[in-house]
Amino acid sequence: MTTEYSGTGDPARSLALLWRTRERVSRRGRPDLSVDRIVRTAIDIADADGLPALSMRRVAENLGVGTMSLYTHVPGKAELLDVMLDTVTGEAVLPDDPATGWRERLRRIAHANWDLYLRHPWLLQVATTRPPLGPHVIAKYEHELRAVDGIGLTDLEMDAVVALVNGYVHGAVRPAVEAARATDRTGMTEQQWWQAHAPYLERAMDPRRYPLAVRVGATAGQEYQAATDPHRAFEFGLERLLDGVEALLRHRDHRTPAIDPDR
């Protein structure tokens, strides 16, 4: 559930912070309380307890300094959140592999984003329709565009494909994050939950009334040992998404050769 919005801070201060154009330096010639230390501490808090637990006071306490000390480096929580987002986004910028085709490149991008959300589930709590315009966010966009550059798409279609992949991952990863939280909070794994509920469901539900739900649900439940398998659903949907991009390329113009997904 969204609890915060990116891009709500002062534009000039946010951009100065994101690009590190200014930083307070101690008399000894080195940052006495750097932006990087503050941001890393804030990320650790959000990773552990979610965004609702994040405050300037909590960050200061974890750093062992007074809250007002933070404001000489970070204007406020809104600007801090933008730098947190930009910082973790850099984790999804992977080295380019020119030997792989566009399909594999998009697949790697999707997996990198999936892993990013699992490491930092608080990302799902931030609405980023106005993204922080920092170096890592822009580097990630550049990296993802290179995956589809030169394969026959227009510039707008390149942007749309990147947005499609990122949007798909954002929606698909939520069940996986929620399943992990459920295990932590209840002390019961998905498999244990399913095994506890399945016998009672079989006795209570009339299979004649729900024939498809019984047949398909039993097959899936036996395979997953859970009600769902978010990762398997993610992989299945990703391949269908890539099939759609391939279909666009193949049917754009029948007079030109099809674009090889391995190129």
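This is a guided tour of one structure, to be followed with the model open in a viewer.

The model is predicted, so its local features are described only where pLDDT is at least 70, side-chain atom pairs count only at pLDDT 80 or more, and totals for chains, interfaces and linings use all residues. Residues are numbered from 1 along each chain as its sequence is written, and side-chain values use heavy atoms, with hydrogens and water left out.

**Stop 1: the core**

Start by selecting V59, L80, M84, L106 and W122, which are the residues with the most contacts inside the largest nonpolar core, a set of 57 residues. A nonpolar core here is a set of buried Ala, Val, Leu, Ile, Met, Phe, Trp, Tyr and Cys residues joined through side-chain atoms within 4.5 Å. Buried means under 20% relative accessible area, exposed means over 50%, and partly exposed lies in between, with a 1.4 Å probe and protein chains only.

Next, colour the elements that give two or more residues to this core, among them helix 1 (11-18), helix 2 (35-49), helix 5 (77-89) and helix 6 (102-119). Helix 8 (155-186) is also one of them, and helix 8 gives the most to the core, with nine residues. Helices (H or I, at least four residues) are DSSP runs, numbered from the N terminus.

Which residues are in contact with M84, leaving aside its neighbours within four places in sequence? Show V39, A42, I43, A46, L51, L54 and W122, and you will have them on screen; contact means heavy atoms within 4.5 Å.

**Stop 2: helix 8 and helix 11**

Now select helix 8 together with helix 11 (230-251), whose axes come within 9 Å and cross at roughly 165°. That makes helix 8 roughly antiparallel to helix 11. Axes are lines fitted to C-alpha atoms, for helices over the stretch in contact, and angles run from 0 to 180 degrees between N-to-C directions. Angles under 35 degrees count as roughly parallel, over 145 as roughly antiparallel, 65 to 115 as roughly perpendicular and the rest as oblique.

Helix 8 passes helix 11 in a right-handed crossing. A crossing is right-handed if the near helix is turned clockwise from the far one by less than a right angle, and left-handed if anticlockwise.

To see the residues that meet, show V161, L164, V165, Y168, V169, A172, P175 and A176 in helix 8, and then P230, A233, F234, G237, L238, L241 and V245 in helix 11. By class, this contact has 14 nonpolar, one polar and no charged residues. Ala, Val, Leu, Ile, Met, Phe, Trp, Tyr, Cys and Pro count as nonpolar, Asp, Glu, Lys and Arg as charged, and the others, Gly among them, as polar.

While helix 8 is selected, pick P175, which is found in this helix and is partly exposed, with a relative accessible area of 37%.

**Stop 3: helix 6 and helix 7**

Move to helix 6 and helix 7 (residues 135-146), which pack at an angle of about 150° with their axes 9 Å apart, and this makes helix 6 roughly antiparallel to helix 7. Here R105, I109 and N113 in helix 6 meet K140, H143, E144 and R146 in helix 7, and the residues of the contact divide into one nonpolar, two polar and four charged.

**Stop 4**

Select helix 1 and helix 5, which pack at an angle of about 35° with their axes 9 Å apart, helix 1 passing helix 5 in a right-handed crossing. S14, L17 and L18 in helix 1 meet E79, D82, V83 and D86 in helix 5.

**Stop 5**

Most residues other than glycine have a negative phi. Which value of phi does R20 have? Phi of R20 is near 55°, a positive value, and R20 lies in the loop between helix 1 and helix 2. Finish at Q225, in the loop between helix 10 (211-224) and helix 11, where phi is also positive, at about 55°.
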